[in-house]
2 protein chains.
Amino acid sequence: MYTVVLDWLEERLRSGEISVGDKLPGERHLAEEFGISRASVREAIRILDAMGLVRSSTGSGPNAGAIVISDPSAALGWALRMHVATRSLPVRDLVQTRLLLETQSAHEAATAAETPERAAALGRAAELVEAMEDPDLPDERFHAADAQFHILLASLAGNMVVETIMSSLRQATIGYVQETVAGLEDWPRVRRTLQQHHREILLATQERRGEDAAAALQNHITWFFGHSAAARHEDDRHD
Amino acid sequence: MYTVVLDWLEERLRSGEISVGDKLPGERHLAEEFGISRASVREAIRILDAMGLVRSSTGSGPNAGAIVISDPSAALGWALRMHVATRSLPVRDLVQTRLLLETQSAHEAATAAETPERAAALGRAAELVEAMEDPDLPDERFHAADAQFHILLASLAGNMVVETIMSSLRQATIGYVQETVAGLEDWPRVRRTLQQHHREILLATQERRGEDAAAALQNHITWFFGHSAAARHEDDRHD
């Protein structure tokens, strides 16, 4: 029943009749249009919401109705995380995939054409590294800055799909990373090492040394997951 | 409201209390357990269904209830396709990402350890190439065999996440490929060229020539999308 709404939206998006920012017709309108129940329309809207394709508004006034957005990373990240939870996607394979994509992407980011956008992103990346330098920065903010730093670098490579997948993989492994970090006795030392890696990656990118940026990125991810796997003493069900 | 069901399932999957193949409690039970409406439970189940995490059964007898599965590719492929439709993910970036992952994966597939599984997959790949050799094979079956061939090779590389993403990217671009092929005046010649590429990729993989397998794969994807883009005469809104 509800799939008719999904197919209808895909067709309208493809033809350009509906674009990001537009409001979908209300539930009642769609239900009448397709001859289905309002509950079925609502199920379709929930699916679109979960996939990062609409933002549902609350309320039922004249301004009610879902707005079309396009925020694939959060949705794909959640889906990947759930499939990791089912044991069908091993954490090791997620990490290997991040390595493959981020290493390639670091190389491209370092050697990308000089543009005002690149300069702005590198400036922001330098600020994040500077913020992470502070040993008093709470762990939670360190992790947030860390994630932002990687996503910024990925954006420099200029491939929206790689950026989306990298961001999704990162979101899919956040739980794993946080659990791991919480269990590390030597976390303060680990944090200093990670931060040293960030400085190396940033410097190589600023100085347009592609091979070095890729190698530093590879070392960063490999070192962290190797260290965590060792610390977990074969204790991890996913690995 | 419905998110409580999603969070509950994630926790149960992570702890191992619920696994693939298990049946979820019925709608009424879940609604009572969480103090939410049956409509909200149904919305959660629909989302899980759309994400390839459950297969809903029809009917309402004692056997009703959703079965936990894990089929990420179809769900992620659909989501990527929808985000391509919103214009937030350019087709060009999808193709570049496929290139990056499939090239790497072709190299690994060619050099992977000899196992009975590898021999079986290569045997199946050879059958597919053989089937595509027949000029009378209908186009639809040619495309299906083509897709299966690529997914089989990807599986040889042994990374479930890369395999899932490649399969999702492929599903996200199927519509584009079919439209393109339908518009190509010289499709019979294109089909022969693609088939020649398949033979080269297969041979390099069988003979464990990693570099050659990767180069043949790269040439295959680049050639097809380059040729289609030229044929489309800048006519494509996504590219």
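Author: Helices (H or I, at least four residues) and strands (E, at least two) are DSSP runs, numbered from the N terminus. In this predicted model, local features need pLDDT of at least 70 and side-chain atom pairs count only at pLDDT 80 or more, while totals for chains, interfaces and linings use all residues. Residues are numbered from 1 along each chain as its sequence is written, and chains are lettered from A, with ligands numbered from 1, in the order in which they are written.

Reader: How many helices and strands does chain A have, and in what order do they run?

Author: By that definition chain A has 10 helices and two strands, and from the N terminus on they follow the order α-α-α-β-β-α-α-α-α-α-α-α.

Reader: Why are H9(A) and H10(A) called roughly antiparallel?

Author: The axes, which are lines fitted to C-alpha atoms over the stretch in contact, with angles running from 0 to 180 degrees between N-to-C directions, cross at roughly 165 degrees and come within 8 Å for helix H9 (residues 187-206) of chain A and helix H10 (residues 210-231) of chain A. Angles over 145 degrees count as roughly antiparallel, and therefore H9(A) and H10(A) are given that name.

Reader: What makes residues of H9(A) and H10(A) count as meeting, and which ones are they?

Author: Two residues are in contact if their C-beta atoms, placed from the backbone, lie within 7 Å; among those that meet are A:Val190, A:Leu194 and A:Ile201 in H9(A), and A:Ala213, A:Leu217 and A:Phe224 in H10(A). By class, this contact has eight nonpolar, five polar and two charged residues, where Ala, Val, Leu, Ile, Met, Phe, Trp, Tyr, Cys and Pro count as nonpolar, Asp, Glu, Lys and Arg as charged, and the others, Gly among them, as polar.

Reader: What does the side of chain B that touches chain A consist of?

Author: In chain B, 38 residues are in contact with 38 residues of chain A. H4(B) gives the most to that side of chain B, with seven residues, and by class the side has 23 nonpolar, nine polar and six charged residues.

Technical notes:
Angles under 35 degrees count as roughly parallel, over 145 as roughly antiparallel, 65 to 115 as roughly perpendicular and the rest as oblique.
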